[in-house]
Amino acid sequence: MPYATNSGDGLHTYFEDAGGAGPPVLFYTGFADPLEVAKSSRLARALSGEFRLIFADHRGQGGSDKPRDAAAYALPTRVADAVAVLDALGIERAHFLGSSWGARLGFALGEHAPKRVLSLVLCGNQPYAWNLESPTANAVAAAIAASGQEAMKGFVETFEAALDYRFPEPARTWTLEKNDPAALEAAWRSAHVEGPVSDDLTAWRLPCLICAGEADEMHDAAKRAAAEIPGAKFVSLAGHSHISAFYEADDLLLPHILELLRSAPPKQ
């Protein structure tokens with residue numbers, strides 16, 4: 001099985017390379033979403049004919065190693081995981097497409113490893129300190145608490161109930177079967193001490209597309225980030241929440257994503 005090794009702590013990231021001759025696009029999904037969620041998405045299918053798609057599991061999720069120490073999830077360490085995937089494939093630079101937790105990682109790549117990135121597509125997150133009182137943050141906290149009693153079944157059902165949303169199949173089953181509640185709990189604890197990703201977004205020189213559902217509590221902060229990053233574009237997804245923006249807004253996102261991926265120079 002394909003694994004990349006973090007040179008700092010030796011932990012392994014599971015990834016899958018779909019191949020193709022086009023420019024590489026590295027996909028990272030949301031919190032508790034295994035890579036199969038991105039791999040099976042309509043967005044991935046739409047991009048597959050033109051781009052080389054690479055899908056990776058966050059540490060603590062899916063097929064990747066699952067440490068139970070919150071310190072193991074520091075953003076620079078997670079950035080090193082993504083860089084290790086590129087190194088394992090001999091890729092100097094790649095487009096990055098991240099949703100939710102993956103978008104947070106994408107902001108960190110822009111800050112800590114910009115020379116490994118061709119462009120950033122970031123949906124459903126922001127680069128400032130976390131608002132741990134937001135509806136989504138409260139839903140995650142409640143789900144983690146429930147997982148202590150009912151494992152991943154409690155996590156998923158509590159998260160769904162808190163946000164009044166049921167994950168579509170087979171993504172729901174993958175989430176139930178491919179996660180460790182203790183690792184997710186450690187990853188979430190790391191967010192409590194994370195702070196802002198960057199001290200100065202105005203110094204960035206990366207092509208960026210930032211998007212958020214109109215009803216996503218991170219919408220305004222994501223819009224603010226796009227205003228601070230030179231040349232970044234912001235797309236507000238009307239009628240969508242934090243969750244539905246990824247699962248249901250492919251048709252709204254695809255034209256903007258293709259515009260960015262096709263216009264970003266292959267080397268910088």
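Strand S3, residues 24-28, is mostly covered in this predicted model: 5 of its 5 residues are buried. Here, buried means under 20% relative accessible area. If you follow the strand along, you can look at its two sides in turn. Pro24, Leu26 and Tyr28 lie on one side, Val25 and Phe27 lie on the other, and all of these residues are buried, so both faces of S3 are covered.

Which strands pair with S3? The table shows the two partners, S4 and S5.

| Partner of S3 | Residues | Bridges to S3 | Direction | A pair of residues |
|---|---|---|---|---|
| S4 | residues 52-56 | 5 bridges | parallel | Val25 and Leu53 |
| S5 | residues 94-99 | 4 bridges | parallel | Tyr28 and Gly98 |

Then move to Tyr28, which stands opposite Gly98 in S5.

Now let's turn to a helix. Helix H8 spans residues 219-228, and His219, Ala222, Ala225 and Ala226 are buried in it. Why do these four belong to the same side of H8? They cover an arc of only 125° around the axis, which puts them on that one side together.

What covers the buried residues of H8? The cover includes helix H4 (101-112), along with strand S7 (208-213) and strand S8 (233-237).

Technical notes. Residues are numbered from 1 along each chain as its sequence is written. This is a predicted model: local features need pLDDT of at least 70, side-chain atom pairs count only at pLDDT 80 or more; totals for chains, interfaces and linings use all residues. Side-chain values use heavy atoms; hydrogens and water are left out. Buried means under 20% relative accessible area, exposed over 50%, partly exposed in between (1.4 Å probe, protein chains only). Two strands pair if DSSP finds at least two bridges between them. The arc is that of the directions from the helix axis to the C-beta atoms. Contact means heavy atoms within 4.5 Å.
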